[in-house]
Structures are given as C-alpha cells and as structure tokens.
Amino acid sequence: MPVDLNSDLGEGFGAYRMGDDAAMLDVVTSANIACGFHAGDPSIMRRTCALAVERGVRIGAHVGYRDLPGFGRRAIDIAPADLRDETLYQLGSLDAFARAAGDRVRYVKPHGALYHAAAADRALADAVVAALREFDSSLALLGPAGTEMEAAATAAGTPFIGEGFADRAYTPEGLLAPRGLPGSVLGEDDAVAQALSIARTGKAATVDGGTVAVHAASICVHGDSPAAVAMARRIRTALDDSGVPLRPFA
C-alpha cells in the first residue's frame with residue numbers, strides 16, 4: 001500500500017526560523033503549513049506555499065491555538081464556536097497564499113495541544129470539522145485514527161486520513177507520549193525503523209518497550225529539529241528500498 005510522508009513546516013515567525021523547509025520539501029509529499037496562530041506569518045506562509053507548489057508537494061493547513069509564545073503546545077480553554085471561527089480564519093489565510101502560488105489547501109491537520117485536545121474531545125473535533133466543511137467540503141482531515149477526530153469526520157462525511165509519527169513514541173493506549181517523558185522523542189535510527197514498521201505492519205513502539213497498532217496512511221516527520229531533514233531522507237530511502245510507494249493522499 002502507498003504511504004504519504006508529511007512534515008510540519010512554515011513554523012518560523014518574523015526574524016525567527018525553524019528547520020530547513022526548502023530541504024524538507026524535497027523529501028516529503030505533503031506539507032502541513034502553519035497558518036499564523038501557533039507559528040508562521042504572511043511572508044513565511046507565502047514562501048512555504050510557493051516552495052511546496054514548485055516541488056509538487058500537497059499543501060495542508062496546520063491550524064492551531066492562537067498561542068505564538070507557547071508554540072501552540074499549551075492547553076487552552078476555548079469554546080467550540082470560537083475554535084470553529086479561528087479554524088476557518090486560518091484556513092482562509094493559508095488558502096489565499098496557496099492559490100497565489102498556483103494550488104490550494106487540500107487538507108487540515110490540527111497542531112500541538114489542539115491535535116491532542118480534538119482527538120479526545122468530540123465538541124472540539126466537531127468544531128474543526130465544521131470549519132473545514134464550511135470552507136470546502138472536499139478537504140480531508142489528517143489526524144490520529146480511532147479518536148474523536150476520526151469519529152467527527154466520519155459523522156460529517158469528511159474524508160479522514162490516519163496519521164502515524166516516525167519520530168515519536170506512543171503510549172500503550174495508542175496516543176503520542178508527552179514530550180517531557182523519557183524516550184518519547186525517537187532518535188534517527190529508531191525513527192527510520194518505526195516509519196517502516198508503521199508502513200508495513202501498522203505498529204509503532206511504545207514508551208514501555210511494547211508495540212501498539214497505528215492505522216496510518218500518512219507518516220509525519222517533525223521538521224523542527226536540526227537533524228530533521230537527514231532523518232526524513234533516511235526514512236524516504238528506507239521506504240523506497242522496502243518497496244513502499246510514496247504518494248500524497250490528497
């Protein structure tokens with residue numbers, strides 16, 4: 001079965017840069033581009049969309065909480081109606097730059113704390129899906145399979161794409177282990193092995209040394225570490241060598 005390789009990109013702000021987006025876009029097939037709430041600004045959004053289109057990489061809206069100081073990784077108490085409006089706002093902003101570059105937004109992926117909150121809270125998941133459908137009902141939702149995000153998308157008739165993570169360990173329950181937990185962030189060798197395992201067997205490593213089922217048609221490699229591009233290249237090569245076709249899902 002083919003698999004998509006995605007990364008969170010465009011996550012700088014102003015004079016601050018994070019990761020090598022141009023190099024990562026030579027490797028991945030889908031780009032989750034920050035929409036200005038947890039990271040990104042208009043110039044970065046424009047540049048990242050243009051680079052993605054130039055390389056034939058699909059553009060996804062990486063929507064998050066309005067939390068630049070906390071990089072969208074802090075829990076925020078937000079009413080579902082407000083989350084719907086903020087998601088729609090971010091979608092429209094990124095799509096404008098995607099269209100200026102010659103393409104459009106193809107899917108939505110929540111970021112950080114919102115990703116985890118919407119996976120567990122149906123009201124928040126419904127709010128994200130409602131905004132997605134108000135904007136363009138053909139858009140897909142990218143997130144963890146078997147969670148409230150998948151349930152909300154399925155109920156609304158929205159295409160859902162299960163996502164796995166190459167460079168993050170899982171809890172025995174199939175959730176991403178908190179970043180502060182020892183062993184939660186995988187090194188390069190382990191990330192390559194995990195990407196292959198998810199793509200070929202549908203299983204990932206857990207922090208307690210076991211494995212857990214991960215149903216994923218797309219695998220994420222985070223783009224914000226110094227070794228991210230080298231890791232992504234190794235993962236892509238390993239997938240190619242093992243006969244797993246790489247193909248964007250959108």
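Reader: How do the residues of the lining of the largest pocket divide into nonpolar, polar and charged?

Author: In this predicted model, the lining of the largest pocket comprises 20 nonpolar, nine polar and ten charged residues.

Reader: How much space lies in the largest pocket, and which residues are the closest to its centre?

Author: The largest pocket holds about 710 Å³ of space. Among the 39 residues that line the largest pocket, those closest to its centre are G112, Y115, H116, F165 and L176.

Reader: Which element gives the most to the lining of the largest pocket?

Author: Helix 4 does, with seven residues. At least two residues of the lining come from each of strand 4 (105-110), helix 4 (112-120) and strand 6 (160-165).

Reader: How are two packed helices described?

Author: One states the angle between their axes and the distance between the axes. For helix 3 (residues 80-100) and helix 5 (residues 122-135), the axes come within 8 Å and cross at roughly 40°. Helix 3 is therefore oblique to helix 5. The crossing in which helix 3 passes helix 5 is right-handed.

Reader: Which residues in helix 3 and helix 5 meet?

Author: From helix 3, P80, L83, R84, T87, L88, L91, G92 and D95 take part; from helix 5, their partners are A123, L124, A127, V128, A130, A131, L132, E134 and F135. By class, the contact of helix 3 with helix 5 has twelve nonpolar, two polar and three charged residues.

Reader: At what angle do helix 7 and helix 8 pack?

Author: Helix 7 (residues 188-201) and helix 8 (residues 228-241) pack at about 40°, and their axes are 9 Å apart. This angle makes helix 7 oblique to helix 8. Helix 7 passes helix 8 in a crossing that is right-handed.

Reader: Which residues make the contact of helix 7 with helix 8?

Author: Helix 7 contributes E188, D189, A191, V192, A195, L196 and A199, while helix 8 contributes A230, M231, R234, I235, A238 and L239. The residues of this contact divide into ten nonpolar, no polar and three charged.

Definitions and conventions
Residues are numbered from 1 along each chain as its sequence is written. This is a predicted model: local features need pLDDT of at least 70, side-chain atom pairs count only at pLDDT 80 or more; totals for chains, interfaces and linings use all residues. Side-chain values use heavy atoms; hydrogens and water are left out. Axes are lines fitted to C-alpha atoms, for helices over the stretch in contact, and angles run from 0 to 180 degrees between N-to-C directions. Helices (H or I, at least four residues) and strands (E, at least two) are DSSP runs, numbered from the N terminus. Angles under 35 degrees count as roughly parallel, over 145 as roughly antiparallel, 65 to 115 as roughly perpendicular and the rest as oblique. A crossing is left-handed if the near helix is turned anticlockwise from the far one by less than a right angle, and right-handed if clockwise. Contact means heavy atoms within 4.5 Å. Ala, Val, Leu, Ile, Met, Phe, Trp, Tyr, Cys and Pro count as nonpolar, Asp, Glu, Lys and Arg as charged, and the others, Gly among them, as polar. On a 1 Å grid over the protein atoms alone, a cavity is a set of points where a 1.4 Å probe fits but cannot get out, and a pocket is an open set with protein on both sides within 12 Å along at least five of seven lines; lining residues have an atom within 4 Å of a point. Grid points are joined across faces, edges and corners, and a volume is the space filled by probe spheres set on the points.
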